[in-house]
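Hi everyone, thanks for making time this morning. Let me put a structure up on the screen, and then we can walk through some of its surface together.

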Amino acid sequence: AVDLYQGGNVHEGFELLKKIISERKDIDVAYTNLAILYNRQGRLNDAIEVLKLGLMNLPTNYEIISLYINYQINVGQYDDAIEAIKTYHTPQMDYDPEIWNFLGNAYLLKKDFESSVNAYKKALSIDGKHPVVLSNLGTVYYYLLLKTKDTQYSQKSIESFNKAIENDPDY
């Protein structure tokens, strides 16, 4: 189906994935691939609806959960993303810094800086050298500096950004 889409047969690719989902509700890649194709077309709300259907049929599938949360954040549905992390919590989440980065992003965009810091710290407890998380943590500390005028956040922000660059000089 993805090959059809990439080969220019967009409609056929979509239809094949929809058919797979209607006939076999247990094939996770059909949901994620269809959502990704919708996203590529700028149809993020349609992608989220497909992933919701996937979660109804496969509520413990981590790939569907992760993509759903990411897309929720991308459309500004931060509360829904946060609730999804709580509702669909799986053991994989405890070992994946990305999901905690998503959570930190959702809190950051809601301007809940303390919760954002906690989520990023959880991500760093899993992978202490993750440059994206380190950069995001530096950003939160910068916002806290602006909000509180407390200079401790300046140093924390600089340290986080420096660690991000140390771990990935191209970042």
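**Charged pairs and a nonpolar patch**

Let's start with K110, which counts as partly exposed because its relative accessibility is 37%. Do keep in mind that this is a predicted model.

What does K110 pair with? Its side chain meets that of D79 in a salt bridge, at 2.4 Å from N to O. This pair links distant parts of the chain: K110 sits in the loop between helix 7 (97–109) and helix 8 (113–126), while D79 belongs to helix 6 (residues 78–87), 31 residues apart. D79 is partly exposed as well, with a relative accessible area of 48%.

Have a look at helix 4 (residues 44–57), which holds both K52 and E49, three residues apart, or about one turn of the helix. Their side chains form a salt bridge, 3.3 Å from N to O. K52 has a relative accessible area of 34%, so it is partly exposed, and E49 is partly exposed at 46%.

Then there is R43, in a salt bridge with D46, where the closest N and O atoms are 2.8 Å apart. Here R43 is partly exposed at 34% relative accessibility, and D46 is partly exposed at 31%.

Y142, Y143 and L146 make up a nonpolar patch on the surface, and together they have about 280 Å² of accessible area. L146 lies in helix 9 (residues 131–148) and, at 41% relative accessibility, counts as partly exposed.

Note on methods. Residues are numbered from 1 along each chain as its sequence is written. This is a predicted model: local features need pLDDT of at least 70, side-chain atom pairs count only at pLDDT 80 or more; totals for chains, interfaces and linings use all residues. Side-chain values use heavy atoms; hydrogens and water are left out. Patches are made of residues with over 30% relative accessible area and no salt bridge: like charges are joined within 9 Å, nonpolar side chains (Val, Leu, Ile, Met, Phe, Trp, Tyr) within 5 Å. Accessible areas come from the Shrake-Rupley method with a 1.4 Å probe; for residues, only the protein chains shown count as cover. A salt bridge is a side-chain nitrogen of Lys or Arg within 4 Å of a carboxyl oxygen of Asp or Glu. Helices (H or I, at least four residues) and strands (E, at least two) are DSSP runs, numbered from the N terminus. Buried means under 20% relative accessible area, exposed over 50%, partly exposed in between (1.4 Å probe, protein chains only).
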